[in-house]
Amino acid sequence: MKITVIGAGYVGLVTAACLAEVGHEVLCAKKSTRNLDLLRQGISPIYEPGLSEMLQENLKKEQISFTNDIESAIKFSEVIFICVGTPTGENGNADLTQVMDVTSSIAEHMDSYKLIIEKSTVPVNTHLKIKELVEGRTGIEFDVASNPEFLAEGTSVHNFMNPNRIVVGVDSEKARKIFEEIYQPFTSQGYPLLFTNIPSAEIIKYASNAFLALKISYINLISDLCEMTGANIDDVSRGVGLDQRIGEKFLNAGLGYGGSCLPKDVNALIHTYKELDLDINLLEETMKINDQRREIFLEQIEKTLPDIKGRTITIWGLAFKPNTDDIRAAPAVDIVGRLNETGAVLKLYDPQAEENFSRIHPENSNLKYYKHRYDALKDSELLLIITDWDEFKDSNYDQVKELMASPVIIDGRNILDKELMEEKEFKYISMGR
Ligand code: UDX
């Protein structure tokens, strides 16, 4: 099937590559020429395991192509996935400017039936706005549908190819039939395709992300109780998560959630509730707890290393989570910013995120980036672990100890074995253990 994907960010690029991978003929369109040459060579401008390989293979097979000509992309197929950004607006709302711009272009250039699909995360009943705009501009038949994407960065190709569920909100039989065809390669393998009405599909995405945020804040709250009472949050999480009704995932306590989705979507959902005059304390509290995690961590640093000015601190992990170069709403952005103000000497390392991070926190006399994690340890009096990259778990801590000026670690992700670190005579501080 011919498919147009508009937007070549995380969601657009992964959607385009994976739909091509399962046999569709995909044209991925973006507004600017930025990175277009790279994409045409199959080089993903974002770090995402497996994505460049998949792009290259499908470019070779001519299953995928890239353009910045939006008009020809709209005319290319009857199925158009809108995958542009919906960042947080001024009041915490989802800013729909890009979605509505694309919708305008579709209305302007469509010359036959189109199925317009919201793939980006948009607030409930955005489909009505899309419908109204297109209906006001053209008499040509079209449908709007919601097909939210649940991919998590770092595993997004795997998530798309092995979905827990595919959610589709439609209000016409024609649209439903088209989706059955698009996702046939997945349903034939037994992956569930759930049809709902459009507002339900729009809500499912927000309800899922807010629930994940809630689960993380909840376990962080329990982690504070563990800290005060001699309990261990690892054991508590395991004990709670083994209840199949609760589940083991998203019960890792520590510095809390960041990234481009959970903070943005919790904010946008709060905004929607407020617009409808509904009570939403639960999610406001979720956000507050998450913000406090960074403060607790900073307080711990102050306690551990008083007179911080001029002292050397190593920071391992800048990305908001492992296996990505994304630093949006990452705890490290705030923590490094605050530490930099104190006059501490900061040595930073991340396997992928240095380039993005250095745009926000460029090198200065007190802040340097290192290409290898061990090089960042020299003369250091404190090692902070902020992201749970595997290579930090697998490091040689005898060597770490030798390299540091004093063996002190604050582990913001609880990735190291507390007893082992104490056996190695580190001063080891983690969260809720
Ligand atoms: C999330 C959703 O998981 C995904 O379904 C949706 O489509 C987009 O938003 P993502 O933002 O890529 O995906 O990352 P995710 O793996 O959900 O992690 C979010 C944040 O929560 C990270 O900062 C991570 O470190 C943190 N986290 C996760 C915890 O603090 N504890 C946990 O137990 C799990």
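User: How does α10 pass α12, in a left-handed or a right-handed crossing?

Analyst: α10 passes α12 in a left-handed crossing. A crossing is called left-handed if the near helix is turned anticlockwise from the far one by less than a right angle, and right-handed if clockwise. Before we go on, please note that this is a predicted model, where local features need pLDDT of at least 70, side-chain atom pairs count only at pLDDT 80 or more, and totals for chains, interfaces and linings use all residues. Residues are numbered from 1 along each chain as its sequence is written, and side-chain values use heavy atoms, leaving out hydrogens and water.

User: At what angle do helix α10 and α12 pack?

Analyst: In general, two packed helices are described by the angle between their axes and the distance between the axes. Here helix α10 (residues 198-229) packs on α12 at an angle of about 115°, and the axes are 9 Å apart. That makes α10 roughly perpendicular to α12; angles of 65 to 115 degrees get that name, those under 35 are roughly parallel, those over 145 roughly antiparallel, and the rest oblique. Axes are lines fitted to C-alpha atoms, for helices over the stretch in contact, and angles run from 0 to 180 degrees between N-to-C directions. Helices (H or I, at least four residues) and strands (E, at least two) are DSSP runs, numbered from the N terminus.

User: Which residues of α10 and α12 make the contact?

Analyst: Contact means heavy atoms within 4.5 Å. On the α10 side you will find Lys205, Tyr206, Asn209, Ala210, Leu212, Ala213 and Ile216, and on the α12 side Leu262, Asp265, Val266, Ala268 and Leu269. By class, this contact of α10 with α12 has nine nonpolar, one polar and two charged residues. Ala, Val, Leu, Ile, Met, Phe, Trp, Tyr, Cys and Pro count as nonpolar, Asp, Glu, Lys and Arg as charged, and the others, Gly among them, as polar.

User: And how far apart are the axes of α12 and α13?

Analyst: The axes of α12 (residues 262-275) and α13 (residues 281-304) are 10 Å apart, at an angle of about 150°. That makes α12 roughly antiparallel to α13. Their crossing is left-handed. Val266, Asn267, Leu269, Ile270 and Lys274 of α12 meet Leu283, Glu284 and Met287 of α13.

User: In what order do the six strands form the open sheet?

Analyst: Strands of a sheet pair through backbone hydrogen bonds, either parallel or antiparallel. In this case the order is β11-β10-β9-β12-β13-β14, with parallel pairing; two strands pair if DSSP finds at least two bridges between them. β11 (367-369) and β14 (427-429) stand at the edges with a single partner strand each, so one side of each has no neighbour in the sheet. Neighbouring strands are turned by 20° against each other on average, direction ignored. Four bridges join β9 to β12 (residues 382-385), and tryptophan 316 has isoleucine 385 in β12 as its bridge partner.

User: Which strands does α13 touch when it packs on the sheet?

Analyst: α13 touches β9, β12, β13 (408-411) and β14, and its direction makes about 170° with that of β13. Helix α14 (residues 331-342) lies across β9, β10 (345-349), β11 and β12, running at about 155° to β10.

User: Is isoleucine 308 buried or exposed?

Analyst: Isoleucine 308 counts as buried, at 13% relative accessibility; buried means under 20% relative accessible area, exposed over 50%, and partly exposed in between (1.4 Å probe, protein chains only). Isoleucine 308 sits in the loop between α13 and β9 (312-316). Not counting residues up to four places away in sequence, isoleucine 308 touches Ile301, Ile313, Leu339, Thr342 and Ala344.
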